[in-house]
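Here is a short note for a colleague who is opening this model for the first time. Please keep the structure in view while reading the points.

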Amino acid sequence: MIFASWSVSIVALGALAISAILYALQRLRAQRRMVRIASAPLWSQAARAVPPRVLGGRFRRPLAYLLALLIALALWLAASRPERTATPDGRFHHFVLDASALMTQGDAFARARAALTTQLAAVRPHDRDVFLDDGTLLLAAGEDGALLPGRLTGMGAVPRPSGFRDWLSRNPAGLRRGPVAVHYFGHRAVFESVRRPDAPIRLTAGLLVDPVARNHAIVGLGVSPAASGAWARADVLIGLWDSGDPAPALDRVRLRLAGRTLAPAAVEASGGGHYMLRDVPAEGQSLDVAWRDGDGFAADDSATIHIPDRRAVAVAVGPGVPATIMRALRLDPAFRIVAADAAQIVIRTANDRTTGGSRPALVLTDPSVEAATFVVTTPDDGPDDALADRLDALGLRQIDAGSLADDLGRAVAVREARADGKRSVAVWRTVFSEQTAFARSPALPLFVSQSLRWLARSTPWIPYAKAGTMLIDQSGVYGLAADPALDGRRLGDGIYLLRAGMVDIAGQRVAVSLTDAGTSRLAAAPVHARAEPAQGGYPDPWIAALLLAAALLLAFEWRLFQRGWMP
């Protein structure tokens with residue numbers, strides 16, 4: 001037996017204090033005594049005949065004192081919240097609540113949460129802690145178990161793979177000295193997949209949710225540039241899985257691009273439910289894939305991916321732009337030359353103030369006026385990117401600075417600047433002269449292409465976004481300027497995608513999907529053994545019984561008082 005509100009010593013001291021206070025009050029309590037006298041003049045004689053009340057006299061009315069003491073102690077013990085615990089077994093107990101996609105079906109998570117709250121009372125507070133399957137600590141050792149329901153309020157299962165196997169692989173036995181027991185509250189298939197008879201850790205089932213009878217899922221969704229070479233097109237890979245069909249057909253799912261039904265130009269089947277949609281328009285829209293019929297596990301029935309915008313960027317070219325830039329511009333399918341009023345970005349000289357207006361610009365400067373070879377200007381409210389990030393984004397790392405300095409007869413320098421709402425890249429005009437080695441090298445078209453894409457703020461190329469994994473940005477691989485804002489949001493080696501759904505990362509809307517084959521298979525995995533759940537504590541019956549006893553004793557005392565048997 002333990003007490004959730006206070007320690008045993010405090011409960012005992014409180015009971016002794018209550019007993020002493022009630023004893024003192026009973027001693028001080030006035031006793032009524034009826035004396036019949038024949039006439040009023042005899043009052044003084046009657047008063048002298050009654051002995052004075054002293055504390056050291058005979059203790060009166062012990063039944064009244066006993067009833068009051070029992071009522072007060074019952075209320076005190078109820079407030080102390082007694083909980084029956086199992087006999088200490090010398091183990092430290094880890095309670096793990098699975099909040100993954102497998103627990104999103106029906107009221108599975110609510111039942112597991114309730115079972116955890118009840119069974120937690122069976123272990124002393126200093127001998128247990130509580131985790132989520134992803135490693136989040138919910139209740140530390142020694143903390144009051146009454147804190148757990150509040151911390152679980154508003155919490156639910158989220159569409160992501162279960163992290164219990166990874167949590168268990170970190171060896172909880174190494175976190176504590178002595179034997180360890182792990183109580184798992186989650187999905188039965190996960191429990192069976194990690195249970196080993198010879199494991200050093202005692203694994204116990206708290207509450208297990210059974211798999212569904214059948215499940216179909218979208219287990220893969222990715223995008224890559226079109227193999228046909230069409231610049232404004234992309235190829236989309238879709239992976240389908242069905243527990244009752246080894247090769248589900250593509251017509252069992254709906255394909256919607258930007259809210260409209262998609263009819264792919266060509267579809268290639270690679271077997272096992274995998275399909276490649278060829279030459280899908282790459283215009284910065286979202287592709288939604290969803291099964292036409294539902295099943296018992298809905299978390300993997302749909303998925304979404306954002307196809308990057310690969311439409312050609314409209315560029316206006318002012319007078320006096322070198323021919324080397326024009327050649328690079330015409331050879332790159334990512335750009336098209338248009339009039340100034342229809343342009344997204346501009347290439348002009350520093351003296352040309354009319355072409356493009358306030359649009360982002362690649363500006364050609366005069367070395368006699370500007371001291372720095374390259375000047376990169378970003379808006380004041382833009383991200384505070386490091387210079388190294390800008391060098392990568394603009395392709396400046398590919399330039400042979402030594403050779404360029406020899407051709408120009410001056411040192412090459414890079415300078416950063418800030419301006420109100422303005423983005424530009426300024427370069428000496430002489431850098432693009434036909435006489436420089438830079439103009440004849442592959443670094444020139446790369447620099448022009450990367451600089452113009454950086455100015456146009458092209459959407460990043462994210463091949464896939466899967467819950468429970470790192471975000472992959474392949475913009476640099478496919479000739480796009482890597483997004484420095486995404487790099488700035490990285491945690492360690494990358495940006496971790498916590499759950500499926502639309503996520504806003506550094507101003508970019510990223511569609512994250514579950515698409516986890518392991519989770520989908522576990523959702524409908526056959527289970528060969530059934531583990532019996534652990535027995536929990538019983539906090540509520542004790543409290544209810546004490547409150548009921550106090551109420552009955554109080555009613556009994558009131559009845560005695562009404563009959564005149566108690567003062």
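1. Start with Leu70. Its relative accessible area is 38%, so Leu70 is partly exposed. The classes are buried (under 20% relative accessible area), exposed (over 50%) and partly exposed (in between), with a 1.4 Å probe and protein chains only. Leu70 sits in helix 3 (residues 62–80). Helices (H or I, at least four residues) and strands (E, at least two) are DSSP runs, numbered from the N terminus.

2. A word on the source. This is a predicted model, where local features need pLDDT of at least 70, side-chain atom pairs count only at pLDDT 80 or more, and totals for chains, interfaces and linings use all residues. Residues are numbered from 1 along each chain as its sequence is written, and side-chain values use heavy atoms, leaving out hydrogens and water.

3. Together with Leu63 and Leu66, Leu70 forms a nonpolar surface patch of about 260 Å² accessible area. Patch residues have over 30% relative accessible area and no salt bridge; like charges are joined within 9 Å, nonpolar side chains (Val, Leu, Ile, Met, Phe, Trp, Tyr) within 5 Å. A salt bridge is a side-chain nitrogen of Lys or Arg within 4 Å of a carboxyl oxygen of Asp or Glu. Areas come from the Shrake-Rupley method with a 1.4 Å probe; for residues, only the protein chains shown count as cover.

4. Now strand 6 (residues 180–187). Because 8 of its 8 residues are buried, strand 6 is largely enclosed by the rest of the structure. Strand 6 pairs in the parallel sense with strand 3 (residues 92–97), over 6 bridges. Pairing requires at least two DSSP bridges between two strands. Here Val96 stands opposite Tyr184.

5. Strand 6 also runs parallel to strand 7 (residues 202–209), joined by 7 bridges. His183 has Thr204 as its bridge partner in strand 7. From strand 6 the chain passes through helix 7 (residues 188–194) to strand 7, a right-handed β-α-β crossover. Right-handed means that, with the strands pointing away from the viewer, the path from the first strand over the helix to the second runs clockwise.

6. Last, Pro246. This residue lies in the loop between strand 9 (233–242) and strand 10 (253–257). Pro246 counts as exposed, at 74% relative accessibility. Beyond residues up to four places away in sequence, Pro246 touches Gly272 and Gly273; contact means heavy atoms within 4.5 Å. Pro246 and Gly272 are 26 residues apart in sequence, yet their C-alpha atoms are 6.2 Å apart.
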